[in-house]
Amino acid sequence: MFRILFIVILILSGYKADARRKTETVFLNVNGIERYYKVYLPKGYDRKQNYPLVFILHGGGGKAGGMVKLTRNRFNHLADHDGFIAVYPNGFEKGWNDGDRDTLAVARRLNIDDVGFFDAMIDDLDRKLSIDRNNIFACGISNGGFMVQRLAIERSSVFKSIGVVAANMSTDQQEMEPAKPVSVMFICGTADPLVPYFGGPVIVLNQERGEVVSVDKSVQYWKEQNECSVLKEESDFPDLNKADVCTVHKTIWENPENPNVRVVNIRIENGGHTWPGGRQYLPRKLVGNTNRDLNACDEIWSFFNSLKTD
């Protein structure tokens, strides 16, 4: 009944089956706080079949709707093409409680239970839609990238894989361990002016927002947790766009006992605190270069899609 009612609401609110369809907002009470997420159902959605879930998290200072714009609706197009449900959660006061890293963030200061928020969203989606609990993925940029790593550590039995853009690991996250392997993809720029690729303090508007380890050390953490000791592939992307002054190098490691457990590092040489292939949301002098040789949405979904189980 919940699923039928949800679909009826979407139809009555103008949810049309064409390329102009938009995400729909769903409100949810979590621990006495009204939260919300935006959801996009793939074209031809059929409640008789189960669909993978892909959570797409905004960064600090952003909102769920802004993530749709930053990615230029690309995840929605991929959802239509390959059949998954795209979910854009909204952080508390424009941020996520990703752990002990950032004591200035409102969500952290108030100790908002964002892990519980994802538990509640998944249960809510499961009541209202046909989801595949065996294929749940999450990706995010910046604060959202730190948050998906927290989810992978604390909910390793829930999330099959994560994608991390413009975020390393915080020092406190390195002290924890997931109960199960979770495949991870990093997409980070070596010239990120906010979250330093080679480690150090995160600096936002001249304020320190906690310490991070280098991307290489972050990758090493996940390689060790996932026992990914085999170098599977190493390659350079074609430099299709010279104007972005970036180049791209990709490395893949896998678990020799389970090739479906992988760690991927896509290093954007001279890339900034940006989403490759997305909008240049702030001037280059503030956030750095946006790479145009790849689309992070395509890379992340291709990674997730390769790990799906039937």
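Biologist: How many aromatic pairs does the structure hold?

Modeller: In general, you describe a pair of aromatic rings by the distance of the centres and the angle of the planes. Here there are 14 aromatic pairs. Rings of Phe, Tyr and Trp (its six-membered ring) pair if their centres lie within 6.5 Å; planes under 30 degrees apart are stacked, over 60 edge-to-face, and the rest tilted. Keep in mind that this model is predicted: local features need pLDDT of at least 70, side-chain atom pairs count only at 80 or more, and totals for chains, interfaces and linings use all residues. Numbering starts from 1 along each chain as its sequence is written, and side-chain values use heavy atoms, without hydrogens and water.

Biologist: Which residues do ring pairs link into a cluster?

Modeller: Phe55, Trp96, Phe117, Phe118 and Phe159. Phe117 also has arginine 35 over its face, 4.0 Å from the ring centre. Likewise, the charged end of arginine 101 sits over phenylalanine 146, at 4.2 Å from the centre of the ring. (The cut-off: NZ of Lys or CZ of Arg within 6 Å of the ring centre and within 35 degrees of the ring normal.)

Biologist: At what angle do H3 and H9 pack?

Modeller: For two packed helices, look at the angle between the axes and the distance between them. H3 (residues 74-82) and H9 (residues 296-307) pack at about 35°, with axes 10 Å apart. Helices (H or I, at least four residues) and strands (E, at least two) are DSSP runs, numbered from the N terminus. Axes are lines fitted to C-alpha atoms, for helices over the stretch in contact, and angles run from 0 to 180 degrees between N-to-C directions. Among the H3 residues that meet H9 are Phe75 and Leu78; Ile300 and Trp301 are among those on the H9 side.

Biologist: What order do the strands of the open sheet have?

Modeller: The 10 strands run E1-E2-E4-E3-E5-E6-E7-E12-E11-E10, with mixed pairing (two strands pair if DSSP finds at least two bridges between them). E1 (24-30) and E10 (230-236) are the edges, each with a single partner strand, so one side of each has no neighbour in the sheet.

Biologist: In which sense do E2 and E4 pair?

Modeller: Antiparallel, over 4 bridges. Tyrosine 37 stands opposite proline 89 in E4.

Methods:
Contact = heavy atoms within 4.5 Å.
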